[in-house]
Amino acid sequence: MRIGIDFGTSYSAAGAVVDGRLELVRFGSEQQFRTTAYFPQALPDPAKFELTPALEAEVDALVRASRADQARAAARARELHSAAGGSGPAFVPRSEAQLRRDALLVVRRHWLEAEIARASQTVAQLHDAVYGDAAIDAYLEEGEGHLVVSPKSMLGYKLHGAARDVLVGIALHILEHIRMTASEQFGTTVRHAVLGRPVEFRSSMGAAGGQQAIELLTEAARGAGFDEVTFLEEPAAAAFGYHRELATMQRTLVVDIGGGTTDIASADVGGAGAAPAIRGAWGIPQGGTDVDLGLSMRRFMPLFGKDHTRTPVHHYYEAAAVHDLQRQHAFRSRTSFQDVPAPYGERLIRLQEPGNTVRLQRAVEDAKVALSSQPGHETELAYIEPGLRTSSSVDDLTLAAEPYLRAFSTLLNDVRARLDRLPDTVFLTGGMSRAPYVQGAVRSAFPEAELVHGNASLGVVSGLAAAAG
Ligand SMILES: Nc1ncnc2c1ncn2[C@@H]1O[C@H](COP(=O)(O)OP(=O)(O)OP(=O)(O)O)[C@@H](O)[C@H]1O
Ligand SMILES: [Mg+2]
């Protein structure tokens, strides 16, 4: 059996076609879960690497082996050199220091791989991991271990040292959780999957970031017990789902506005064909979390002294970027906040406590969601300071969302200019498609098309399940 998996920035879900009918996987009583995981035992921390005498001996052995290899290569090069009558490239040996540096890297990598293998072999660890919203409660309760938010956002980033292996380990656990839950529900061992992918991953390395993201996801899926994975662009997947619902053919533009990315596909959907015909796909690596970040910096971080003290702005950015493990680590290890004037210094120190940046980010997101349907919203922040509360208005949100909406409108207009034919309908999906300002941007870019509201949460996973079937 093959399942479809929507590994989303904010929410993940899975499904399959069973006896011709679409069936979504249930996680507890829900059809999706927050892509957040809590690991009670700390994950291997690359910073904990220490050169023990045993590891030192491994380094020495590697250096000796490389030296011998090098001597052989040099002798061979000399032979070739004289056979060629003294012409041809000369052999340039690596220095002792270089050989040792290389050996150290290899040993460090083996050490981390062993640590990760040890962690993932402990069945208890896997079963003790907590996923979704409950992950945050568990973390707050325990006050230790590891809380990982939206790992998908990091897949396309330059990962220093062993951060790559740690990220693969996290994605592996989440995919394994999905595979086990699906296997149990469908009563068969699931080993094949179609995984959704954004048109453009969030990346710090341009197209190379997208390439890396696919590699890491493939590696994680293999490790999670999938023998075969294929990838399908998320908006193309949503077109697949919509296609199944329509008796007659139409040209549609699927617009999927998620937490991390915004993806568009032009497709002919409906009618007798087994699959929709995808005419093109476009995307930008921005989404709902960028609006959250904007609202946090504009409305919430001033409660911690932003704009009122001389604390560098990037410290607030580090606190707000909850998906970024490196930035969160940087924020939590700052020791200079006791010098920040009252009441801000104390609040910043409270914000550094385990789980509080994530709690704050959830409060910011709640405010954004509430402001989709009401003019104002009150947030209580008693875990920072007794009685601390703040309110946000639609005007705050409008200003916070402005950079995202500008990028979104540019994308819509670029796509419109490239289409060989305007769409009959625009099919909206993705959690952010519930926001009236997002719908407004679509309406003004495609005033003549009919807006079709797909299932905002399940449009992509339904399509992936259909494609997998
Ligand atoms: N009513 C609402 N108003 C505004 N935003 C909303 C609303 N409901 C959900 N969202 C936002 O939608 C986003 C999540 O959407 P979705 O579940 O489609 O993302 P995802 O599939 O996890 O992410 P991606 O596809 O980018 O990887 C979040 O930013 C969430 O805050
Ligand atoms: Mg999505």
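Before starting, I noted what I would accept as a polar contact: a pair of N or O atoms within 3.5 Å. I also reminded myself that this is a predicted model.

**Entry 1: contacts of the ligand**

I looked up K368 and found an N or O atom of its side chain 2.8 Å from an oxygen atom of ligand 1. I then turned to K152, where a side-chain N or O atom is 2.7 Å from an oxygen atom of ligand 1. Y11 takes part through its backbone: one of its N or O atoms there lies 2.8 Å from a ligand oxygen. How much of ligand 1 does the protein bury? I found 92% of the 660 Å² that ligand 1 exposes when taken alone.

**Entry 2: the shell around the ligand**

I looked up the surroundings next and found 20 residues around ligand 1. The closest are T9, S10, K152, E365 and S372. I sorted the shell by residue type and got 11 polar, 5 charged and 4 nonpolar residues. Which helix gives the largest share of this shell? My note says α12, residues 356-370, with 3 residues.

**Entry 3: the pocket**

Where does ligand 1 sit? I found it in the second largest pocket, whose volume is about 660 Å³. I looked up the lining of this pocket, which has 34 residues, and those closest to the pocket centre are Y11, G259, G430, G431 and M432. I was pleased to meet Y11 again, having noted its backbone contact with ligand 1. At least two lining residues come from each of β2 (11-18), α8 (288-300) and α12. Helix α12 gives the most, with 4 residues. By type, I wrote down 16 polar, 10 charged and 8 nonpolar residues for the lining.

**Entry 4: the cavities**

I finished with a search of the whole structure, which finds 3 cavities of 30 Å³ or more. The largest cavity has a volume of about 250 Å³. Among the 24 residues that line the largest cavity, T289, D292, V322, H323 and Q361 are closest to its centre. I traced the lining to its elements: α8, α9 (313-320) and α12 each supply at least two residues. The largest share is from α12, with 6 residues. My tally by type for this lining reads 10 polar, 8 nonpolar and 6 charged.

Methods. Residues are numbered from 1 along each chain as its sequence is written. Chains are lettered from A and ligands numbered from 1 in the order in which they are written. This is a predicted model: local features need pLDDT of at least 70, side-chain atom pairs count only at pLDDT 80 or more; totals for chains, interfaces and linings use all residues. Side-chain values use heavy atoms; hydrogens and water are left out. A residue is near a molecule or strand if one of its heavy atoms lies within 4 Å of it. A polar contact is a pair of N or O atoms within 3.5 Å; within protein, one must be able to donate a hydrogen and the other to accept it, and residues adjacent in sequence count only if both atoms are side-chain atoms. Accessible areas come from the Shrake-Rupley method with a 1.4 Å probe; for residues, only the protein chains shown count as cover. On a 1 Å grid over the protein atoms alone, a cavity is a set of points where a 1.4 Å probe fits but cannot get out, and a pocket is an open set with protein on both sides within 12 Å along at least five of seven lines; lining residues have an atom within 4 Å of a point. A molecule sits in a cavity or pocket if more than half of its atoms lie within 2 Å of its grid points. Ala, Val, Leu, Ile, Met, Phe, Trp, Tyr, Cys and Pro count as nonpolar, Asp, Glu, Lys and Arg as charged, and the others, Gly among them, as polar. Grid points are joined across faces, edges and corners, and a volume is the space filled by probe spheres set on the points.
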